[in-house]
Amino acid sequence: MGIEGGRGDFEWVYNDQPHTSRRKEILAKYPQIKSLMGPDPQLKWIVSGMVLTQLLACYLVRDLSWKWVVFWAYGFGGCINHSLTLAIHDISHNVAFGNKQARWNRWFAMFANLPIGLPYSASFKKYHIDHHRYLGGDGLDVDVPTDMEGWFFCTPLRKVLWLFLQPFFYALRPLVVNPKPVSRLEVLNAAVQFVADILIYSLWGLKPVLYLILGSILCMGLHPISGHFIAEHYMFLKGHETYSYYGPLNLITFNVGYHMEHHDFPSIPGSKLPLVRKIAPEFYDSLPQHTSWVCVLWDFVFDDSIGPYARIKRQYKLVKQE
């Protein structure tokens with residue numbers, strides 16, 4: 001790859017993110033893409049089915065030995081929970097009930113959060129807005145690793161450890177990079193989540209609760225599905241900061257692999273992102289793309305030029321309101 005993003009520093013650029021201009025070009029040529037924007041009526045039913053599946057799984061694992069609880073948490077429950085975090089990602093863009101029903105989207109995100117075991121949805125929404133608005137923004141986009149992460153996790157063994165600990169960095173990094181006051185919605189999210197956990201514990205004991213929480217932590221760490229965290233914005237080719245993946249894992253991740261398309265049109269639900277590429281293929285087919293999230297993880301670990309520093313960063317001047 002031959003970039004400076006693997007060791008030493010981030011790749012600093014001094015232009016706007018490419019999604020803004022590409023969005024304008026695509027809409028000028030294909031205005032029918034606007035018809036894809038809006039809520040996905042199937043999303044709430046799919047998510048509800050996943051939540052109920054995990055509730056049934058909690059009942060089924062209650063008497064298993066601990067080794068099987070961990071096995072099913074990693075191999076099954078964690079996959080569903082990771083998929084639910086991506087459903088929450090979609091819901092954060094108001095595609096479950098539409099922009100006019102924003103409050104319903106926030107409440108439904110809390111419902112989707114229940115099997116994850118830890119409060120997540122409200123905090124994610126608060127910071128994800130900045131990720132789109134200030135992509136790669138220094139001190140704004142908490143998706144970008146800190147200098148400490150880039151400096152320390154620079155060898156294959158350390159990068160494996162970093163991948164394993166990814167859920168903790170995603171949870172703690174905002175408190176360091178861009179701390180914000182705790183909102184009422186976050187307090188409500190935490191209260192609802194802890195009540196649900198206590199209820200499951202009172203019904204079936206500790207194993208179902210840990211099945212949910214361990215599954216979330218393990219499958220957001222070193223797991224094939226977690227390859228999307230690296231694939232989306234780590235600079236595998238100099239100058240390119242967003243990549244799409246069009247493989248089969250999109251079927252269980254709400255098409256999060258269509259990531260260039262998503263950043264170009266955040267208000268289009270994941271289920272319709274393949275249509276963006278189908279309508280405007282000349283804007284996407286020639287851009288770099290990933291073919292395997294497992295290969296992404298392998299290259300991230302063993303390619304010396306790729307690491308937490310392999311991210312594009314830019315400065316944004318914010319206007320302070322008096």
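Begin by selecting helix 5 (121–133), the helix that gives the most to the lining of the largest pocket, with eight residues. Helices here are DSSP runs of H or I with at least four residues, numbered from the N terminus. This is a predicted model, in which local features need pLDDT of at least 70 and side-chain atom pairs count only at pLDDT 80 or more, while totals for chains, interfaces and linings use all residues. Residues are numbered from 1 along each chain as its sequence is written, and side-chain values use heavy atoms, with hydrogens and water left out.

Next, select Tyr120, Ser123, Phe124, Tyr170 and Ala171, which lie nearest the centre of the largest pocket among its 37 lining residues. A pocket is an open set of points on a 1 Å grid over the protein atoms alone, where a 1.4 Å probe fits, with protein on both sides within 12 Å along at least five of seven lines, and lining residues have an atom within 4 Å of a point. About 1000 Å³ of space lies in this pocket, the volume being the space filled by probe spheres set on the points. Colouring its lining by type gives 20 nonpolar, twelve polar and five charged residues, where Asp, Glu, Lys and Arg count as charged, Ala, Val, Leu, Ile, Met, Phe, Trp, Tyr, Cys and Pro as nonpolar, and the others as polar.

Then move to the second largest pocket, which holds about 260 Å³ of space, and select Ile46, Leu251, Ile252, Thr253 and Phe254, the closest to its centre of the 17 residues that line it. Finally, select helix 3, which gives the most to this second lining, with four residues.

Terms used: Helix = DSSP H or I, 4+ residues; strand = E, 2+ residues; numbered from the N terminus.
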